[in-house]
Amino acid sequence: MRGFFHRHGKFQPLPTDEERPNQHIPEDMWVKCPKCQELLYSKELQHNARVCPKCNYHFRLRARERIALLADDGSFTEWDTDLQPEDPLNFADGSGPYTRKLQQTQAKSGESEALITGIARLDGRPLVLVVADFDFLGASMGSVFGEKLVRAAERCAEQGVPLLTVSASGGARMHEGLFSLMQMAKTVAALDRLGRARVPHLAVLTDPCYGGVTASYATVADVIIAEPGALIGFAGPRVIEQITKQKLPDGFQTAEFLLAHGMIDVIVERTSLRGMVLSLLDHYARAGGRADRFGSAPAETAERETGSLIAVGSETGRD
Amino acid sequence: MTERAGPSTEGRDSPTAWDRVKMARHPERPHFLDYLDELTTEFIELHGDRSFGDDRALIGGLAKLGERTVLVLGHQKGNNTRENITRNFGMARPEGYRKAERLLRHAAKFGIPVVTLIDTPGAEPGIGSEERGQATAIAESLLTMAGLDVPIVAVVIGEGGSGGALAIGLADRILMLENAIYAVASPEACAAILWKDTAKAADAAATMRITAAELARFGIVDEVIAEPRPAHEQPRETIKAVGAAITRHLSLLEAIFPRADASAATRLRDARYAKFRHIGAWRDDVAQAHGLEAFALSNS
């Protein structure tokens, strides 16, 4: 069964340090697997999509690593890179003002916000990618996160291009107060419209995925996929333990736990994700409807159909 | 450009955000069922999610409000410890949100407008709630509200606690009592996470901008219903003011989106989408570079 998803070709190997100098990738030669404690050669780990070859532990991925893993080489056009977070509350906590925290996070992560959106090709087929970056304030959902997601979903609905969201998040961003909470409503409302346009939304939940993200766009999907071992839930395990004074069951809130409780469709290993997404798109394409738009159309047709989307990308994108 | 919420301009004697938190949680503040008793007749509670159970913290049914039949949904806190145990302190479980979702569809089927009263510390954090998909239940309730083709009026009457509150709050009109609060997280949780000190809850409450007046300034809340005296001191008057505001907004919505008009349902959904679509605060560097007005704070 695992081999089945490889028929579209294996995942794209992740670039190593030399190939992608701007992106933070562990520079150490050796990395210790937090699950099996095995020392792994970092280049080998990178070539295995950052999955431990010994115990199958899925290391967390940066958003751009995820995109590199899924998209055809050089096919990703990023959107809305100029959207910058604001500080509508004049928020400051024990560690200082939100604006300073944003500057520090931007400098450290190399990203302007926690969500990266754009259009890419998978095996030549257009697909909109919306990927959260956990290294940016725990990929918490604030105004820019919500706005970028909604713009992407609107373009998907308009053009009939399917949407793939990849989420990892601590939840809503507290520093933007109720603006953040309202992004839950805003993103779900955009996906309601995408659903009415009968354009598929595939959601991938990765470690860790909590709070306002799990309780909004990330679970409003036609297919919910999770990575093995990912922790996914509404309330965090420590909060639940503190409040209920109960011992949490083994494997609580893991992807496997969610699958057993009927909350997700399927667990897919990272190295099979690309093949799985392509197979799903094939199914919707065969079913007809608007499927010709997002099925395995020849490259030129796809080019024509998404021409305007790519134009949107180059208009606002940095590159 | 973006409007900033400066320091409070209210007088020295006006209540602080933390005072409002205490008022919003006051045990004698009127709760959902008090509003139902006072404002509606012929209430028929509709129980259960048809799947697992009947949540007692989030209840709903059909009721007559003035001359209208409405579908009412609300969180119910208890008036004493025993009731609070039954009502789980107003913290709904997944079956509560699934019941809400079922009743919303019920309302849409018969063209019945929806009124929701929000008053919860938040959705229940618990092992069972996680097992039964608390997050998914909230998300699906939001999805159904986004696509509902009958008018929805939501009123925050006490505590608007995070996702558990919003789950019945994706409405055409969001009203809020003057001493109610609406927050992304409880001030205690925010203080614990960002200050690493729950004793800073009052500071967090002020910084988080959770009061009705501030949220109205942000354009998120459509109307603040005055409490000349706090609701727990003047329950009947407060309830009547809430009832009048609900009726006024329902009449307005029905005038703009008349049921007889074939396009009204679509226009209503589009208007609801536009309302939430514009909520957010951000800066668009490209728009600024071109001297265009940036998409900034909603309605401001």
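My entries follow, one topic at a time.

**Entry 1: the interface.** I note at the outset that this is a predicted model. I looked up the contacts between the chains: 60 residues of chain A touch 56 residues of chain B. The two chains bury about 5,200 Å² between them. Carbon and sulfur atoms account for 68% of that area. Which residues of chain A lose the most area to chain B? They are A:Glu86, A:Met174 and A:Phe234, together 14% of what that side buries.

**Entry 2: salt bridges across the chains.** I counted 45 salt bridges over all chains. Between chain A and chain B the count is 4. One pairs B:Arg277 with A:Glu154, at 2.7 Å from N to O.

**Entry 3: a network.** I followed that pair further. B:Arg277 and A:Glu154 belong to a salt-bridge network that also takes in A:Asp80, A:Glu147, A:Arg151, A:Arg155 and A:Lys186. Within it I checked A:Glu147 and A:Arg151, whose side chains meet at 2.8 Å, N to O. Are they buried or exposed? A:Glu147 is buried, at 0% relative accessibility. A:Arg151 is buried too, at 13%.

**Entry 4: two pairs in chain B.** I looked up B:Glu45 and B:Arg56, which form a salt bridge with the closest N and O atoms 3.1 Å apart. B:Glu45 lies in strand 1 (residues 40-45) and B:Arg56 in the loop between strand 1 and strand 2 (58-65), so the pair ties together parts 11 residues apart in sequence. Both are partly exposed: B:Glu45 at 21% and B:Arg56 at 24%.

Next came B:Arg68 and B:Glu254, a salt bridge of 2.9 Å, N to O. This pair links distant parts of the chain, 186 residues apart: B:Arg68 is in strand 3 (residues 68-75), B:Glu254 in helix 11 (residues 235-256). B:Arg68 counts as buried at 16% relative accessibility. B:Glu254 is partly exposed at 24%.

**Entry 5: a surface patch.** I found a nonpolar surface patch of about 450 Å². A:Met29, A:Trp30, A:Leu39 and A:Tyr41 make it. A:Leu39 lies in strand 2 (residues 39-41) of chain A. A:Leu39 is exposed, with a relative accessible area of 55%.

Methods:
Residues are numbered from 1 along each chain as its sequence is written. Chains are lettered from A and ligands numbered from 1 in the order in which they are written. This is a predicted model: local features need pLDDT of at least 70, side-chain atom pairs count only at pLDDT 80 or more; totals for chains, interfaces and linings use all residues. Side-chain values use heavy atoms; hydrogens and water are left out. Patches are made of residues with over 30% relative accessible area and no salt bridge: like charges are joined within 9 Å, nonpolar side chains (Val, Leu, Ile, Met, Phe, Trp, Tyr) within 5 Å. Accessible areas come from the Shrake-Rupley method with a 1.4 Å probe; for residues, only the protein chains shown count as cover. Helices (H or I, at least four residues) and strands (E, at least two) are DSSP runs, numbered from the N terminus. Buried means under 20% relative accessible area, exposed over 50%, partly exposed in between (1.4 Å probe, protein chains only). Contact means heavy atoms within 4.5 Å. Buried area is the accessible area (1.4 Å probe) that two parts lose on being put together, summed over both.
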